[in-house]
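Colleague: I would like a close look at one part of this model, the aromatic rings. Please take me through them step by step.

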Amino acid sequence: MSDDLTGNARSFQVDLRGLVDLLSHHLYSSPRVYLRELLQNAVDAVTARLAVDPAAPTDIRITVEDNGLRIDDPGIGLTEADVHRFLATIGRSSKRDDLEGARQEFLGQFGIGLLACFTVAERIQVLTRSARDPGAPGVEWSATSDGTYSVRSLSPDERAEPGTTVRLLPRPGAQRWFAPELVADLARDFGALLPYEVTVVGGGRTVRTTDSPPVWDRAYRSAAERRAALLAYGERVLGLAALDVVELDVELAGVRGAAYILPNAANPAAGGRHRVYLKGMLLGDAVSGVLPDWAFFARCVIDTDTLRPTASREGLYEDETLSAVREALGARLRDWLTGLAAQEPGRLAAFLSVHALGVKSLARHDAELFQIMLPHLRFETTDGEVTLAEFARKHPAVRVTSSVEEFRQVAGIASAQGLGVVNGGYTYDGELVAALPGVLPGVTVEELDADAVTAALDPVDPHEELAMAAFLAAARAALDPLECDVILRAFYPASVSALHLDSRAARSERTRAETAAESDELWAEILGALKSSAPRAQLVLNHRSPVVRRLATIRDRTLLVTAVEALYAQALLMTHRPLRPMDASLLNRAFDQLLGWAAASVTGEGEGQ
């Protein structure tokens, strides 16, 4: 671009149509951000003027006109040279280049600014006069979406006071973005916390859209009144009746705000969706990365003056500062939790009834917090749903299952035998139980396996087991093709006829065998070399069960095998594990044969009569 300031009908130093397409479809999530760019430029201009004239006016006014929209600010303004330098070149910023010393006071950092308004505007007109150079005349800069602009000097009658007026003429099809109600809503949404008063005039109304200072910076008569105000603000802004509120203040990072505890359980994988303001201007209402991953039970509303925005100014740039802020905010939430545990157990219980998962997630990496929360965090155990502290007092040797299915399989039996088992199949529970010895000296933790369960069951008198030898031999022969051993034990409740115990090693061996059977010759040979002869599942028959005792008296070999297969199938169903195809086939066959035998028996009795 030429440095001559007298010419007209100039072209931008970029492909403006391509730029507008980039802004509309790739950088900004919605054309609604055009109003944020206008507000941002106005606020920056006012801030810049206050730096040289602390008594300067600060009110910003948006007017919805019949043919578009205008925004007036009493800010620093531009000279004609500034206009050529800053309104026609992408990547340049008057805030950055001319006022580097005051940079921390400004919102804009990317130089795109005013040109983003072409996402909704066909024509942009800027009338401006510099407060820094009072002798310089006012300037009109007028640009159209075809990529050309013109500049002319203004007479004192056209622009007497320092400041800037920006007018937008809507693009065809974009008129809805200039409706008075929508403009007021956008100004309120983006600029509610701005330090300068912003009013929107249009539709016969004048609306003040700023509401500063922020609720957390106001004075209240009592802590209860302050908490009520914060909760009411969260409900209005986030649309949720928070379970609780935690004030956030990281002075060194310039972060102020509040974290709102969600009233319902949250998905840990959903990620945070926080409302973040940058120097009072809304950055976004779904910003991630503000809190640690474990704090998925909270949503934040914060204002910051140090965190860096992304290019779209709709998210935060991941850097060391954001990492430090995230850690500091996480520490604040942690302190809040420990404070509840020490002083307000009722509120803590209400919180844990909804968000125990989040606390468990944090406690995995924080032994001190885990110890504090031990009397409060509840786990599913063979003693019911109790805390680990309570459970460990009764069972110093804690056994834990690796899955929910394993726990359900043995819970009733283990409880009747006095065996203490914790369900480690839920998210984070297994990790916390494993960490228990580190916070409760004298407690041991072991993974529950088939041998431990078997050892806890009562052995059967040798003479009584010998009397059932023929039955046990037939049962073992029937289940041997299924890689399942049969043993006899006595346990409660007597209503459980058989228990299927399956160790992890046994399951791995079955998986290996099934994979080898379906593999080609090379893989079958490799998998065959890994074969283990030791691990097998066990069907534990209950000698106290009347059903098992009656089955032992059957002399019909075919019926006996069918009855054993039915017991095996019933025990498998009790494990709540998916059935293998061969197991499902056995289940259907066994019950079909039993039904056939029962029908034949009834028919035979009828004929006998």
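How many aromatic pairs does the structure hold?

Modeller: This is a predicted model. The structure holds seven aromatic pairs. A pair of aromatic rings is described by the distance of the centres and the angle of the planes.

Start with Tyr34 and Phe178. Their ring centres lie 5.4 Å apart. Their planes meet at 35°. Stacked pairs need planes under 30 degrees apart, and edge-to-face pairs over 60.

Now their exposure. Buried means under 20% relative accessible area. Tyr34 has 0%, so Tyr34 is buried. Phe178 has 6% relative accessibility, so Phe178 counts as buried too.

Next, Trp294 and Phe297. They form another aromatic pair, with 6.2 Å from centre to centre. The angle between their planes is 40°, and this pair is tilted. Trp294 counts as buried at 14% relative accessibility. Phe297 is buried as well, at 0%.

Trp294 and Phe297 also belong to a cluster.

Some rings have a charged residue over the face. Arg308 lies over the face of Tyr317, at 4.0 Å from the ring centre. Lys360 lies over the face of Phe379. There the distance to the ring centre is 4.1 Å.

One more element is worth a look while the model is open: a sheet. Five strands form this open sheet, in the order E10-E11-E14-E12-E13. The pairing is mixed. Strands of a sheet pair through backbone hydrogen bonds, either parallel or antiparallel.

Strand E10 (244-250) and strand E13 (281-287) stand at the edges. Each has a single partner strand, so one side of each is left without a neighbour in the sheet. Neighbouring strands here are turned by 15° against each other on average, direction ignored.

E10 and strand E11 (residues 255-261) run antiparallel. Seven bridges join them. In one of these, Asp249 has Arg256 of E11 as its bridge partner.

Note on methods:
Residues numbered from 1 in each chain as written. Predicted model: local features only at pLDDT ≥ 70, side-chain atom pairs only at ≥ 80, totals over all residues. Heavy atoms only, no water. Phe/Tyr/Trp six-rings, centres within 6.5 Å; stacked < 30°, edge-to-face > 60°. Buried < 20%, exposed > 50% of the residue type's maximum accessible area, 1.4 Å probe, protein only. Lys NZ or Arg CZ within 6 Å of the ring centre and 35° of its normal. Pairing = 2+ DSSP bridges. Helix = DSSP H or I, 4+ residues; strand = E, 2+ residues; numbered from the N terminus. Axes fitted to C-alpha atoms, helices over the stretch in contact; angles between N-to-C directions.
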